[in-house]
Amino acid sequence: MSSDSWIVDCDALAQSGVTIMENINDRNQKRLRDGNPGKLNSTVRGQLNSFEHELNRLRKSLSKATTSYHITEGEARRRQDKIDGLSARLKQLNEAFQEDPRSRTRDSHRGQLLGGHGSNPGGGSRNPWLEDEESEQTRGLSNEELISQQRQVIRDQDEGLEELSKAVERQKLIGWTIHNEVDHQDEIIDNLDYHVGKTTGRIERETRHVERIRVKASDKGLCCAVVLLLILIVVFLAIPKQ
């Protein structure tokens, strides 16, 4: 599995999630306005199916890479976080797609857009800590303007995540560069150690050779002295006595 292609596919799937949410919002607006979303329903349903299929493919690819040790443990955790985030996004998209905007009042719709008023889209009880009045930034905005504002917030968040992903990739590249440099320095040290060992071996061999020459020279000197002594004895004996 190519590391870069997996990351690219994952980022592309996250971007498609933004597009699906925009289409869901467009469908909701059309349903509220005309009562008939037209082809948007089938279009969004197909996009959700494609999203889920691609998510499963990425999950299987990550599992295969992890079990075959093609990526590090830290990289596997980082990618699993991406998969978890995409899974949560898919759940959010499905809930938004299945929700009928006509069944909500204007106030509850506005509360949903603000993230704290009205009924809980998941079917649970409302959070009483979120039953506050609107902020000055949203008061006076129509539902369409709130949706547009939410889209902009989602775009800003996605851009921030994209920049964070790029920063992580740069840090990873720096890490690999340092790793390669350390390997290169290790090779230099190993090569130097090899030549030092080879030179040491030569010095030891030459030392033994010099020692053998010294021993041989000492033996030859002793032999010469013995021969010379024998010659002197012979000469001394050959001289006639007076």
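A residue is called buried when its relative accessible area is under 20%, exposed when it is over 50%, and partly exposed in between, with a 1.4 Å probe and protein chains only. Arginine 57 is partly exposed because its relative accessible area is 35%. The model is a predicted one, in which local features need pLDDT of at least 70 and side-chain atom pairs count only at pLDDT 80 or more, while totals for chains, interfaces and linings use all residues. Residues are numbered from 1 along each chain as its sequence is written, and side-chain values use heavy atoms, with hydrogens and water left out.

The protein has five helices and zero strands, and from the N terminus its elements run α-α-α-α-α. Helices (H or I, at least four residues) and strands (E, at least two) are DSSP runs, numbered from the N terminus. Of the 242 residues, 23% count as buried. Contact here means heavy atoms within 4.5 Å. Among contacts between residues at least 6 apart in sequence, 71% join residues at least 24 apart.

Helix 1 spans residues 3-34 and contains asparagine 23. With 16% relative accessibility, asparagine 23 counts as buried. Apart from neighbours within four places in sequence, asparagine 23 is in contact with Val44 and Gln47. Glutamate 22 also lies in helix 1. Under the same exclusion of neighbours within four places, glutamate 22 is in contact with Arg151 and Arg155. The side chains of glutamate 22 and arginine 155 make a polar contact at 3.2 Å. A polar contact is a pair of N or O atoms within 3.5 Å; within protein, one must be able to donate a hydrogen and the other to accept it, and residues adjacent in sequence count only if both atoms are side-chain atoms. Glutamate 22 and isoleucine 147 are 125 residues apart in sequence, and their C-alpha atoms are 9.2 Å apart in space.

Helix 2 (residues 40-67) packs with helix 3 (residues 73-98) at an angle of about 160 degrees, the axes being 10 Å apart. This angle makes the two helices roughly antiparallel. Angles under 35 degrees count as roughly parallel, over 145 as roughly antiparallel, 65 to 115 as roughly perpendicular and the rest as oblique. The axes are lines fitted to C-alpha atoms, for helices over the stretch in contact, and angles run from 0 to 180 degrees between N-to-C directions. Residues making the contact include Leu48, Phe51 and Leu55 of helix 2 and Ile83, Leu86 and Leu90 of helix 3. The contact residues divide into twelve nonpolar, five polar and four charged. Here Ala, Val, Leu, Ile, Met, Phe, Trp, Tyr, Cys and Pro count as nonpolar, Asp, Glu, Lys and Arg as charged, and the others, Gly among them, as polar.

Arginine 57 belongs to helix 2, and its side chain is joined to that of glutamate 54 by a polar contact of 2.6 Å. Serine 68 is in the loop between helix 2 and helix 3. Serine 68 is partly exposed, at a relative accessible area of 30%, and its side chain reaches the backbone oxygen of alanine 65 at 3.4 Å.

Glutamate 75 is found in helix 3. Its relative accessible area is 9%, so glutamate 75 is buried. The side chain of glutamate 75 makes a polar contact of 2.9 Å with the side chain of arginine 78. Leaving aside neighbours within four places in sequence, glutamate 75 is in contact with Ile7 and Lys172.
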